[in-house]
Amino acid sequence: MNRRRFLTASAYSTAAATLPFQPVQEAAVRTRTVSGAGVVGHADVAAVRDSGS
């Protein structure tokens with residue numbers, strides 16, 4: 001099991017190293033933005049549903 005984890009981590013690290021830096025940085029910013037979002041209530045969901053119709 002340790003070999004599998006090591007190989008998986010190595011493969012992802014190698015793949016990440018070959019990516020251009022700008023898209024990776026943009027993805028990280030989007031992830032931070034999404035994870036910092038607040039909680040919505042039923043009224044918020046209903047407002048979005050109503051505005052889309």
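What is the mean pLDDT of the protein, and what share of its residues reach 70 or more?

**View 1. Confidence across the predicted model.** This model is predicted. The mean pLDDT of the protein is 80, and 85% of its residues reach 70 or more. Confidence is highest in helix 1, at a mean of 87, and lowest in helix 2 (residues 21-35), at 76.

**View 2. The order of elements along the chain.** Three helices and zero strands are found in the protein. Along the sequence the pattern reads α-α-α.

**View 3. Helix 1 from end to end.** Helix 1 covers residues 2-18, which is 17 residues. At 1.5 Å a residue these should span 24 Å, and the end C-alpha atoms are 24 Å apart, so the two values agree. Among the 17 residues of helix 1, the count of buried residues is zero, and the helix is hardly covered.

**View 4. The surface of the protein.** Of the 53 residues in the protein, 0% are buried. The accessible surface comes to about 5,100 Å². Carbon and sulfur atoms account for 62% of that surface.

Notes
Residues are numbered from 1 along each chain as its sequence is written. This is a predicted model: local features need pLDDT of at least 70, side-chain atom pairs count only at pLDDT 80 or more; totals for chains, interfaces and linings use all residues. Side-chain values use heavy atoms; hydrogens and water are left out. Helices (H or I, at least four residues) and strands (E, at least two) are DSSP runs, numbered from the N terminus. Buried means under 20% relative accessible area, exposed over 50%, partly exposed in between (1.4 Å probe, protein chains only). Accessible areas come from the Shrake-Rupley method with a 1.4 Å probe; for residues, only the protein chains shown count as cover. The expected span of a helix is 1.5 Å times one less than its number of residues. pLDDT is the predictor's confidence in each residue, from 0 to 100.
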